[in-house]
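This report describes a two-chain model, taking the fold of each chain in turn and then what the chains share.

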Amino acid sequence: MRLASSPGPKGIEQNEMSGAAVRAEGLVKHYDGREGTVEAVRGVDLEVHAGEVFGFLGPNGAGKSTTVRMLTTLLSITSGRAEVVGIDVARNPDEVRRRIGVALQEAGLDPRQTGRELLVMHGRLFGFGAVEAKERAQQLLALVELEDAADRVIKGYSGGMQRRLDLAAALVHEPEVLFLDEPTTGLDPASRLTVWEELRRINGRGTTVFLTTQYLEEADQLCDRLAIIDGGRIVREGTPAQLKADLRARNGHGPEPTLDDVFLDATGRTRERGAGEVQEVTA
Amino acid sequence: MSATIELGRRALREAIRQPDALLMTMFIPLFFLVVNTGQAAKIFPSGSTEFLEGQGYGAFQLPITLLLAASFGMAALFLVEEIEGGYFDKLRAIPIPRYAIVLGRLVAEGAKGVVLATVIVLLALPFGISIASGPLGFVLLVALTALWGVVYSGFIQLIALKSRSAAAVNSGGLIFFPLLFLTPNFVPRELLTEPMEVAATVNPVTYLMEALRSLILDDLDWGKILPGFGVVAAMGVVMLVLNVRMIERYD
């Protein structure tokens, strides 16, 4: 597929994406491991529409995080092409970084700063003036309900508070696309619900959300569309309702399939075989 | 540059919030100063030992204390902690020059080095150690110590970026001990045995130590001071180039 090009802001070449916030074509990542070349991602094609919450699911080691890391400029692309808001990830990584927010698997925070210091510093690094950065930090602390803990060092935050602060840090510059890699892994149910609420609120303001998760209930609740990756390739893509309907059509009459059934069908796993990997799934 | 300064300020805040680490950075080198001086002061009495230039043996040992303190930087350990914890990637996803992430920490190491060197010298003064080269010599002494701290921290940061492992960083920090002891650390170079003298002559830390020692014991002797700054400048350029290259290629 060829993409038409047009000059964008600051001379950055932007492609006509017909509403695509993220697009990947034949995305491949190979690593040189001790036992030869590891093919972590083997030709991923996907398109995320502007304004949607897109779920990216897959078993452990399927290539979810590697794909996200390539899309967020953190990992080089072996071959293929990726664009975020029409900007080529490999050619203009800094321009992509200006447009995206990133919260990776672990809540990556500096434990020796206070929540406020961290957000102010991120504002400054994104080019805000001192006053503007402080104001933005205050807004975000209110958004993620961390005003009371704002001046405590992050080391003392609970897992849920760290996740919320991580989200806030990813939102400092009002990104167009927010990449979240397993944002609720390890959180208790109450904290998970709080993060879901934040995500809905953020998406409601127009931010496109690219979400990887192992919790199918989470995908069912939050995602407009989703893709399932297995063995480095996309094996299913569509809305949760479409994917369930497709499975039902193929299986004939029977109980209404859940997203768990779709996932197990797509990845060729049975409940018994996949128990170790998807045991949290309850949808 | 503003990103480097911003990240440097953050690293300084970090250091201030770890006073125990700062205290240990001071305690171990001062411990060596007391022990080494206590063991050898009678062998080298100030009145009859020419190379002491009228000062006590503690003055001769002070450069080792300064170099040790400057070499106990925490920059690489904090960096590897961020790599393991994921904050390093968060910073890499911000549109700042990637070198700012490593240079910010080195700027903070430099500032810390100035404070540490000043405090150690001030603590040494009441014990009869003086800076014979005067106020300018004191400034040069502090600057050279701090610059060495930056250079050495930069090399350990390379281990952090390459290995991404705290264990490797801790082991890498031990490299300094052979370098420190292959110097004229107890007596001047000309009094060393021949193999040790050869080893000391090819060891760049020797010239640094001799520059610091000269600033403490002599008037401004540029013949000894400049090689020290030359070593730090040359190693600093190599360290900077390697750090920038490694973080730009970090995948």
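## Chain B

Of the 251 residues in chain B, 43% are buried. The model is a predicted one. Chain B contains 12 helices and zero strands. Its C-alpha trace spans about 65 × 35 × 30 Å along the principal axes. The radius of gyration of chain B is 19 Å, which agrees with the value near 18 Å that a compact globule of 251 residues would have. Among the contacts in chain B with a separation of 6 or more, 78% are between residues 24 or more positions apart.

G104(B) sits in helix α6 (residues 99-124) of chain B. Is G104(B) buried or exposed? It counts as buried because it has 23 C-beta neighbours inside 10 Å, where 20 or more are needed. Leaving aside residues up to four places away in sequence, G104(B) touches T4(B), L7(B), G8(B), R10(B) and A11(B). By contrast, E53(B) lies 51 residues from G104(B) along the chain, and their C-alpha atoms are separated by 40 Å.

## Strands of chain A

Chain A has an open sheet of six strands, in the order β8-β9-β10-β5-β11-β12, with mixed pairing. Its edge strands are β8 (100-103) and β12 (233-238) of chain A, each of which pairs on one side only. On average, neighbouring strands of this sheet are turned by 15 degrees against each other, direction ignored.

Within the sheet, β5(A) and β10(A) run parallel, and F54(A) stands opposite F210(A) in β10(A). Two helices lie across strands of chain A. Helix α5 (residues 159-170) of chain A covers β8 and β9 (177-181), at about 160 degrees to β8(A). Helix α6 (residues 189-204) of chain A lies across β5, β9 and β10, at about 150 degrees to β10(A).

Strand β3(A) has two antiparallel partners, β4(A) and β6(A). A hairpin through two residues joins β3(A) to β4(A), and L27(A) stands opposite V44(A) in β4(A). On the β6(A) side, V22(A) has V84(A) as its bridge partner.

| Strand pair, chain A | Bridges | Direction |
|---|---|---|
| β3 (residues 20-33) and β4 (residues 36-49) | 11 bridges | antiparallel |
| β3 and β6 (residues 79-84) | five bridges | antiparallel |
| β5 (residues 53-57) and β10 (residues 208-213) | five bridges | parallel |

In soluble globular proteins, nonpolar side chains tend to be buried together. Here the largest nonpolar core has 152 residues, of which V84(A), L165(A), L141(B) and L208(B) touch the most other members. Helix α7 (residues 134-163) of chain B gives the most to this core, with 14 residues. The contacts of V84(A), not counting residues up to four places away in sequence, are A21(A), V22(A), L71(A), V89(A), V96(A), R99(A), I100(A) and V177(A).

Where the chains meet, chain A contributes 22 residues and chain B contributes 18 residues. On the side of chain A that touches chain B, α2 (93-99) and α3 (115-125) of chain A each supply at least two residues. The largest share of that side, four residues, comes from α3(A). By type, the residues of the side of chain A that touches chain B are nine nonpolar, five polar and eight charged.

Note on methods:
Residues numbered from 1 in each chain as written. Chains lettered and ligands numbered in written order. Predicted model: local features only at pLDDT ≥ 70, side-chain atom pairs only at ≥ 80, totals over all residues. Contact = placed C-beta atoms within 7 Å. Nonpolar A, V, L, I, M, F, W, Y, C, P; charged D, E, K, R; others polar. Pairing = 2+ DSSP bridges. Rg over C-alpha atoms; globule rule 2.2 N^0.38 Å. Buried ≥ 20, exposed ≤ 12 C-beta atoms within 10 Å, placed from the backbone. Core = buried A, V, L, I, M, F, W, Y, C linked by C-beta atoms within 7 Å. Axes fitted to C-alpha atoms, helices over the stretch in contact; angles between N-to-C directions.
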